[in-house]
Every structure is written in structure tokens, then in C-alpha cells.
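Good morning. Please have the sequence and the model open.

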Amino acid sequence: MSELYERIRFRGQPVAHPNAMVTSGNARFTVLTPRLIRLEWSETGVFEDRCTYAFPTRYSDSPPAFTACEDNGALVIDTGALTLRYAPFIESVKGFTAGNLSIAFSLSGEPVVWMPGMANPQNLRGTRRTLDECEGDAALDEGLLSRAGWTLFDDSASADGGVIFDDDGWVGPRPDFALQDWYFFGYGHDYKAALTEYLRFGGDIPLIPRYILGGWWSRYWAYSEQDLRDLVAEFE
């Protein structure tokens, strides 16, 4: 069992480089790349450093250069591509809102300012976890690419991304206090860079030669002998 476990357990380097992280009150920001920032808010001030399904790794030997300073009580992080502004002094608000957090960047020479709660109708969509109980058209979940130039991935408690893996690489429980765990992608229309840089943290995608899968076919009804004969003939 131990040999099998070593082969299948989840691996990653989830703790980010200390020079990539900035803490402000109950919020922590991790600059993964100049165009990718992790945004965390924790009710208790305790932050999540374990692997998730979507981000098993957050460590980089060479974290990107950025500046962090205070401006009228607000934290300002400038990566060169993104400018994040967080105003934690709004005491009555718990968590990130449009009133205390914004990220500015340039898209095709025009300024864009993102704030929590903004809709992203130009998202190019990704995949769908399952087609169970679907009949007819099925909407796809949001993906990492958008014609709007930005995407927000919520890793707080999503069905797949929200899964936590303990230090031994096995599934663990999420904390029982309120938290937000977001990732802001501000890659503009540089879609290839967005996917390439995400792979540094999400891990390589294993691919196998298509021919080893053979022929796959599925229909939800019983076949007659003639159905099978016709089907094989069509494959030929």
C-alpha cells in the first residue's frame, strides 16, 4: 500500500517564496508572476499554505520583482503589469469588496480597473465537470482566458479547486472559518503566456498518444446486432 500511495499521492510546493508575499491585516497577497496574484482574506488572519487541486505549487525560486507601499492608509502593490490597491481600514467590511480592493492594468493601451463582483461576459470559458443530468445545450464553466483581459479564479471552496491536500499528499479538510482564496489573472490578450505561466503552478498536463485509446463509442440505449454491424462498418 505504501508503494502505491507514493505513486498516486498529490505532490507540489505549496508554500510561496516569502519574498513574494505581502500581508496587510487579515489579507495576504502573493505575487506569483507580474500578471498573476493570489488574493487571500482570512477571518482569523490564518492563511492557507497547503496544496489545492488547482494550485499544488506556489513556490518560485525567483519571485517577480514588485514594490509594496502605503498610500493614504491603503496598501499598493505594483508589479509593473498590475497595480493592486487594498484599503483595509474599512472596519465594517469583512473580506474583499469593490469598496476596498481594486487592480488596475492596461489593455490594448486603454486603462482597465477590476473590482470584486465585476461580471466577465467576455470569458472564453473552459470545461464542464460533468454532463450528468444534462439534456440539450450545457453551459461551460469560466476558464482562465477572457477577451476582457482578466479572469478571477475562486479557489475558496470550489468543487475541484477547493480540495485541500495535507502535507502527506492526501485530501484534508478546509478550515471552518470564513476565508477568500482568489487568483487574479491579468494577462490581457496574451493567452499563451497565461496558460504557460499557470502550468508553473498548476503542474504539467500529462498527455498520452491518442492511438493507444483505441476506438471509443457510447450511446445510452441497447444495441441490436445490426446496430453493431453498421457501427463497425462506419469505423472502417
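What pLDDT does the chain average? This is a predicted model, and the chain averages a pLDDT of 89. Of the residues, 95% score at least 70. Confidence is lowest in helix α1, residues 2-8, with a mean of 72. It is highest in strand β2, at 98.

Now the overall picture. The chain has 236 residues, and 36% of them are buried. It contains 3 helices and 13 strands. The C-alpha trace spans about 75 × 50 × 35 Å along its principal axes.

Let me start with strand β3, which covers residues 36-42. Is this strand buried or exposed? Here 7 of the 7 residues are buried, so the strand is largely enclosed by the rest of the structure. The cover is on both faces. On one side sit Leu-36, Arg-38, Glu-40 and Ser-42, on the other Ile-37, Leu-39 and Trp-41, and all are buried.

Strand β3 also has two neighbours to look at. One is β2, residues 27-33, joined to β3 by 6 bridges and running antiparallel to it. A hairpin of 2 residues connects β2 to β3. The other is β13, residues 179-185, which pairs with β3 over 7 bridges, again in the antiparallel sense. As background, strands of a sheet pair through backbone hydrogen bonds, either parallel or antiparallel.

Next, an open sheet. It has 3 strands in the order β4-β11-β12, with antiparallel pairing. The edge strands are β4, residues 51-52, and β12, residues 171-172, each of which pairs on one side only. Strand β11, residues 164-165, is joined to β12 by 2 bridges. Within that pairing, Ile-164 stands opposite Gly-172.

On to the cysteines. How many disulfides does a search of the whole structure find? It finds 0. Cys-51 is buried, at 6% relative accessible area, whereas Cys-69 is partly exposed, at 43%.

Most residues other than glycine have a negative phi. Asn-72 is not a glycine, yet its phi is positive, about 55°. Asn-72 lies in the loop between β5, residues 67-71, and β6, residues 74-78. With 70% relative accessibility, Asn-72 counts as exposed, because the cut-off for that is over 50%. Ser-108 is also not a glycine and has a positive phi of about 55°. Ser-108 is in the loop between β8, residues 101-107, and β9, residues 110-114. Ser-108 is exposed too, with a relative accessible area of 65%.

The last stop is on the surface. Which residues form a nonpolar patch there? They are Ile-208, Tyr-211, Ile-212, Leu-213 and Trp-216, with about 650 Å² of accessible area together. Trp-216 sits in the loop between α2, residues 191-202, and α3, residues 225-235. Its relative accessibility is 67%, so Trp-216 counts as exposed.

Key: Residues numbered from 1 in each chain as written. Predicted model: local features only at pLDDT ≥ 70, side-chain atom pairs only at ≥ 80, totals over all residues. Heavy atoms only, no water. Pairing = 2+ DSSP bridges. Helix = DSSP H or I, 4+ residues; strand = E, 2+ residues; numbered from the N terminus. Buried < 20%, exposed > 50% of the residue type's maximum accessible area, 1.4 Å probe, protein only. Disulfide = S-S within 2.5 Å. Patch = residues over 30% accessible without salt bridge, like charges linked within 9 Å, V, L, I, M, F, W, Y side chains within 5 Å. Areas by Shrake-Rupley, 256 points an atom, 1.4 Å probe, with all protein chains shown as cover. Salt bridge = Lys/Arg side-chain N within 4 Å of Asp/Glu carboxyl O. pLDDT = per-residue confidence, 0-100.
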